[in-house]
Amino acid sequence: MLPKQLTIQGLYSYQEKQTIDFSKLTEAGIFGIFGAVGSGKSSILEAIGFALYGKTERLNDRENRNYNMMNLKSNELLIDFEFEHYDHSIYRFTVKGRRNSRRFQDVKTFERNAYKLENEKWIPLESADASNILDLSYDNFRRTIIIPQGRFQEFLQLGNSDRTRMMMDIFHLEKYDLSDKVRTLETENELNISNLQGQITSIGNSNKEDLLAKQEELISLQSKEKALKCSIEKNEGELQNSNKIKEQFDLLLQYQSNYTILENEKEKFQERKKNIEKFQQAKLYFEPSLNRKKNLQTSIENRNAFLQLSNTRSVQLDTDLESKKQTWETVQNDYTQLEKWQQQIQDILIVQDILDYQQQAKETETKIAIGKEHIDKEEKNKNLFIEKCNQLEENIRLKKSNQPANIFVYGEIGEWFQYKKVLQKQIAEVQQVITIQQERIANGKALFPTLSFNFENWQQESEQQKAQYKSTINEQQEEKSKFALTIELHQYAQNMEEGKPCPLCGAIHHPNILESDTAIAEKQKAIDNILLENSQALSLLESNISKATRYATEINSCEEQINIQSEIIKKTQQSLQLHEQKFSWNGFDSNDENTFVSLRQQAEKNAKEINELEEKLSEQKKQLDNIKETINKYQNALTERQTQYQSAIDNIQTLSNRLQLISSNDISLYSKEKCLQTKTTLEVKISYTKKQYENLQKQLQELDKNKAILTAEIQAAQSEKEKENNELEIILAEIQQLLGKHNITSEESVWKILQQNIDLPKENAAIQQYENQLFAAEQKLEQQAILLKDKTFDEEKWKLLYTELQTDKASLSNYTAVIAQLVQSIEQLHTSIENRKKLEKTLHEKTLRKDNIQTLKNLFSGSGFVNYISSVYLKNLCVAANERFSKLTHNQLHLELNENNEFLIRDLLNEGKTRSAKTLSGGQTFQASLSLALALADSVQYQNKSEQNFFFLDEGFGSLDKDALSTIFDTLKSLRKENRIIGIISHVEELQQEIPLSLFIENDAETGSHIHLQMS
């Protein structure tokens, strides 16, 4: 990953929008981000991590993270980060957030999005999780690319299981975890075996004898079935003729029954014809007049009710109009006072502002007094720290005057003694390896007699014995073949009969048949025993040859190792001689290391005391700078408070001049509560008066309109009522005339007929249908009687024939079912015999596969293989890290791994003994962590085939002395030659002078953090 641009706004101390263009920084190879403590340096790394992963170092989800991350003076948060991936693709990750305008502490969940640049357009990605792109989890991203404060030495101090998980994540070692696949194979194979065993069990012990028995049973049943089919065909012909006659007699009975039913309904249909005639008369002559009379009477009743209700409403409207006119006159007087009330509200608002400025002036005056007290106190502290710094500088000067002139020579002499020990130790270790190899050679040669071999010529002896065994076996097998032919001819001879042709030559006369010979069988048995003994001896000999070959190979390997190690001893001894010739320091003895160590320890002790005093002086100066900065802040704040106080006094005078109805002398009579109460009362009064005035106007207009509409409706209803009364009298006369004409006594009789509500078309159709059905039934009955005039039908004979036929068919059905089952059973039995053979063969193959899978399971169980691969990667990482760590520690310390993959330190200044990595000093821990981090970054770069490697570091430099700091910085500068890019975050001044291009962060109390590009 190579950063290109980062924009921050509203995050922690970043109030205003700040943008970092990384192009110039990354071109420099090594750059810095510097600033005072709390200026916002680490926030840059945290912004990158949060944009990519949605996580931060400082806060988690349970700590109201969204609110705490947003700057308290900002209402919006923005993080916009662009970077170039290993494959040169450009990605962009954004974070946006907003504060609730009504509730200050309510900051909703931040919106995170991710984009990829394609054809100069940002294409949105489905996920905003960078682990899908970088192939790194958030934890491993902090350990390999961007390392925040408190995390730099994490990889060095991780436990075995956590470090293994990290290696799996970074290098994708999960591909070596084959245990799940083996378990899947095992489960699948076990399931196949179980299924095969179940299938074999379900098949049972099927055999050919059962198959032959079922085939014979099938032939017998098929013969019986054929005879029964002939009998059924004969009876079916006779039954078919009888069924035709029976159908004709059954039809005659049905016709007779239908005619009788229709004849019984004849009187009922005649009565229905009379009712239809009466209903048609009433419908035609009376229904229109009766319906009109009814409608007119209903309409007249409704109009009477409407007129009564309308007259009541008219009286009520008159009353309401009079009441509203009286109220209108009262409200109109209040409406003229509205302008005066509005001006009173304006004066009240001015008084409120004056009261606020008076309170502000009072509070500011108190803060001015407190600020002056703080400045006086900090001035006293400043003088005290100046005295302490002067005293420390004097002590340092005295200590340095007692320090030897050339203290660095101790390091060179120490390295000389240490390297001498290393060479001596290497000679001893190699000599020990030679001794072990010689013992292994002796032990290997001692094993040859146990195999019945002589070590000097074991190959010649073994080849001779092997040839002898093979020759004996070949001779006996030839002899056995001869006897086998004789036995085979004897079997043919036993089967030959006089007069029948020989199966070999075809002759029919056999004058001299071969007789049985027991001696042949016994001799063949003796040959088999000789073959078995020689085969076993040959097998044992080949096994011994294999072991002897392995022993000889190991002996040859040991001899080669002895030659190699001897050459190493020779070269190491030469190096030791040359090294001893390099000892050229006057005043020291190359054979007296103890005196040298004593002098060096005294010099180191004095140097350590000087360093401690310098660190203490540096700390005092930092505190002094902080005090000066605090005094400056207090003075700036005091000036600002005084300006605020004068501004409040000026605003009070300006507002007092704007008052119209309230006197400036009466302001003291008001409080904020009284102002609010008076203002609210006037606003309510104004609003109420306006609404009442407008409502009364609308109500009066509405009442006048309703009065006019109601008067017109009453006049129209009275006119319509008179017309309907006249029409009703005419209708009543018409009805009396119709009753007399048709001899009907009253209207009630007519209404009773009409209430029947007869459906005339449907009723006429029903009567016509009945008459047609009666005629047709009569005709069919006569025709069927004529057709059966001379015929007879025997019911008992028909039933007997039918029963016999059904019995035969049932028997035939049983035979057919049994035959079908038997045929199916034969097929299944035949299939089962074949399937059983196939299943048993497959089961044998799966059983052999089970043993092979168990071997694989033992190999990959418990993630052991993955742990082994992880250990290999970790050892390679350790070797790469030591290339830098040894240089940084002047070949004094060396990183190693124990059997639990935990880091150890081999201390070459203390006879090369090992100790825990936790015993390192702060500076040494930083050096070891840096070496491991760079080695890990190398591995990630190689894995991703990246041309450049980016590395961001926010920790550790403050724990180093000047020499270590110089060594570390030289190492970092050398990385530029390896096409690396290093970003350093620190407040150490020495680093600022060494790094040519950097960002400087300043935190302003009012406007927040600002980023500036500067060159040293």
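Guide: Let us start with Q601, a residue of helix α16, which spans residues 593-656. The model is a predicted one.

Visitor: How far apart are the C-alpha atoms of Q601 and Y410?

Guide: The separation of these two C-alpha atoms is 9.4 Å, although Q601 and Y410 lie 191 residues apart along the chain.

Visitor: Where is I985 found, and which residue 951 positions away along the chain may be compared with I985?

Guide: I985 belongs to strand β13, residues 980-986. The other residue is F34, and 6.0 Å separates its C-alpha atom from that of I985.

Visitor: Is I985 buried or exposed?

Guide: The cut-off for burial is under 20% relative accessible area. I985 has 3% and is therefore buried.

Visitor: What share of contacts in the protein joins residues at least 24 apart?

Guide: The share is 76%, taken among contacts between residues at least 6 apart in sequence.

Visitor: Which residues of α12 and α17 meet?

Guide: From α12, the contact includes L338, W341, I345, I348, L349, V351 and L355, along with Q342, Q344, Q352 and D356. On the side of α17, the residues include C675, L676, L682 and I686, as well as K672, K679, E683, K685 and K690. T678 and T689 of α17 also take part. By class, the contact between α12 and α17 has 11 nonpolar, 5 polar and 6 charged residues.

Visitor: At what angle do α11 and α17 pack?

Guide: Helix α11, residues 287-335, packs with α17 at an angle of about 165°, and their axes are 6 Å apart. This angle makes α11 roughly antiparallel to α17. The crossing of α11 with α17 is left-handed. The residues of this contact between α11 and α17 divide into 22 nonpolar, 16 polar and 17 charged.

Visitor: Turning to the backbone, what is the phi of N119?

Guide: The phi of N119 is near 55°, a positive value in a residue other than glycine. N119 is placed in the loop between β6 (111-118) and β7 (121-124). E120 is found in the loop between β6 and β7 as well. Its phi is about 60°, again positive although E120 is not a glycine.

Visitor: Are N119 and E120 buried or exposed?

Guide: The cut-off for exposure is over 50%. N119 counts as exposed because its relative accessibility is 77%; E120 is exposed, with a relative accessible area of 77%.

Visitor: How many helices and strands are there in the protein, and what percentage of its residues is buried?

Guide: The protein has 24 helices and 15 strands. Of its 1016 residues, 34% are buried. The protein exposes about 63700 Å², of which carbon and sulfur atoms supply 48%.

Definitions and conventions: Residues are numbered from 1 along each chain as its sequence is written. This is a predicted model: local features need pLDDT of at least 70, side-chain atom pairs count only at pLDDT 80 or more; totals for chains, interfaces and linings use all residues. Side-chain values use heavy atoms; hydrogens and water are left out. Contact means heavy atoms within 4.5 Å. Helices (H or I, at least four residues) and strands (E, at least two) are DSSP runs, numbered from the N terminus. Ala, Val, Leu, Ile, Met, Phe, Trp, Tyr, Cys and Pro count as nonpolar, Asp, Glu, Lys and Arg as charged, and the others, Gly among them, as polar. Buried means under 20% relative accessible area, exposed over 50%, partly exposed in between (1.4 Å probe, protein chains only). Accessible areas come from the Shrake-Rupley method with a 1.4 Å probe; for residues, only the protein chains shown count as cover. Axes are lines fitted to C-alpha atoms, for helices over the stretch in contact, and angles run from 0 to 180 degrees between N-to-C directions. Angles under 35 degrees count as roughly parallel, over 145 as roughly antiparallel, 65 to 115 as roughly perpendicular and the rest as oblique. A crossing is left-handed if the near helix is turned anticlockwise from the far one by less than a right angle, and right-handed if clockwise.
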